[in-house]
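Me: I am new to this structure. Could you take me through it in short steps?

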Amino acid sequence: MPIASLWGLAAACLPALFPVPGAGPPPPAAPVSMPEPPRASVARARLAELVVRRPGSMKGYSPAQFPHWVEQGGNCDTREIVLHRDGENVKEDRFCRAVSGTWHSAYDGKTLRSASRVKIGHLVPLADAWRSGADGWSMTRRQEFANDLTNPQLIAVSASSDQAKEDQSPDQWRPRRSYWCLYARAWTDVKHRYKLSVTAKEKTALDQMLDTCPDRQHP
């Protein structure tokens, strides 16, 4: 076999024999935006189906009960996927870390130009989920909830707004009024999909927020 062919064969085989450190399967294609929740009329119907009860105990809770920012492939974890999804002109380094871009925080209307100022928030907070029924879930189910890219559960917002929200429900904290409709639709959708309960005050607040939707009719 000609020497040139031998070198070509060796070059083709080397990556398989000696993988590049950090290399792995490519990351999944990121959605272009947070998944759209159902329209207000559907949200109202699902809100009516939710179990209403007092908040459960926080005994045993910690964020570690919800393993989050898991590896999604190609050096990307869940946080980096959402940063790319929710940002504009996002550039990443070879470790999938966002090094530049612009993010618009729906909670408070702020524009952020540094990934360090962006928080990936759980729309339904982990602690709220815990006292709404997630305390009885398996660790696998809680990990799925904390890294849910399929439903409207993860959102890039300003660190200050996420800190202000903490683990509060809509009767305790709300984003800016122009976001009430989408927020209530998303919150109701997530709670319905995961069969989590709501409090009486929380249900009333969600109903009020849904009144701000263009589609306000009851089904």
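Me: Which residues lie nearest the centre of the largest pocket?
Reply: This is a predicted model. In it, the largest pocket holds about 320 Å³ of space. Its lining is made of 17 residues. Nearest the centre are Lys-119, Ile-120, His-122, Leu-126 and Asp-162.

Me: Which element gives the most to the lining of the largest pocket?
Reply: Three elements each supply at least two residues of that lining: strand 6 (118-122), helix 4 (126-131) and helix 6 (159-165). One of them contributes four residues, the most. That element is strand 6.

Me: How many charged residues does the lining of the largest pocket have?
Reply: Sort the lining by class. Seven residues are nonpolar and four are polar. The charged residues number six.

Me: Which residues are closest to the centre of the second largest pocket?
Reply: The second largest pocket has about 220 Å³ of space. Eleven residues line it. The closest to its centre are Met-34, Asp-86, His-104, Ala-106 and Ile-155.

Me: Which elements give two or more residues to the lining of the second largest pocket?
Reply: By class, this lining has seven nonpolar, two polar and two charged residues. Now look at where they come from. The elements giving two or more are helix 3 (78-86) and strand 7 (154-158).

Me: What share of the residues in the protein is buried?
Reply: The protein has eight helices and seven strands. There are 219 residues in the protein. Buried ones make up 42%.

Me: What share of the accessible surface belongs to carbon and sulfur atoms?
Reply: Start with the total. The accessible surface of the protein is about 11,700 Å². The part that belongs to carbon and sulfur atoms is 55%.

Me: What share of the contacts with a separation of 6 or more comes from residues 24 or more positions apart?
Reply: Take the contacts in the protein with a separation of 6 or more. Then pick out those between residues 24 or more positions apart. They account for 74%.

Me: Why are the buried residues of helix 8 on the same side?
Reply: Helix 8 spans residues 200-210, and Glu-202, Ala-205, Leu-206, Met-209 and Leu-210 are buried in it. What covers them includes helix 2 (40-49) and helix 7 (180-193). They share a side of helix 8 because they cover an arc around the axis of only 135°.

Me: How far apart in space are Leu-196 and Ala-129, C-alpha to C-alpha?
Reply: Leu-196 is in the loop between helix 7 and helix 8. At 2% relative accessibility, Leu-196 is buried. Its contacts outside four places in sequence include Leu-50, Ala-129, Trp-137 and Phe-145. Leu-196 and Ala-129 are 67 residues apart in sequence, but in space the distance is 6.9 Å.

Me: What is the phi of Lys-195?
Reply: Most residues other than glycine have a negative phi. Lys-195 is not a glycine, yet its phi is positive. The value is about 55°.

Me: Where is Asn-89?
Reply: Asn-89 has a positive phi of about 55°, although it is not a glycine. At 67% relative accessibility, Asn-89 is exposed. Its place, within residues 87-92, is strand 3.

Notes. Residues numbered from 1 in each chain as written. Predicted model: local features only at pLDDT ≥ 70, side-chain atom pairs only at ≥ 80, totals over all residues. Heavy atoms only, no water. Buried < 20%, exposed > 50% of the residue type's maximum accessible area, 1.4 Å probe, protein only. Arc of directions from axis to C-beta. Contact = heavy atoms within 4.5 Å. 1 Å grid on protein atoms, 1.4 Å probe; cavity = no way out; pocket = protein on both sides within 12 Å on 5 of 7 lines; lining within 4 Å. Points joined across faces, edges and corners; volume = space filled by probe spheres on them. Nonpolar A, V, L, I, M, F, W, Y, C, P; charged D, E, K, R; others polar. Areas by Shrake-Rupley, 256 points an atom, 1.4 Å probe, with all protein chains shown as cover.
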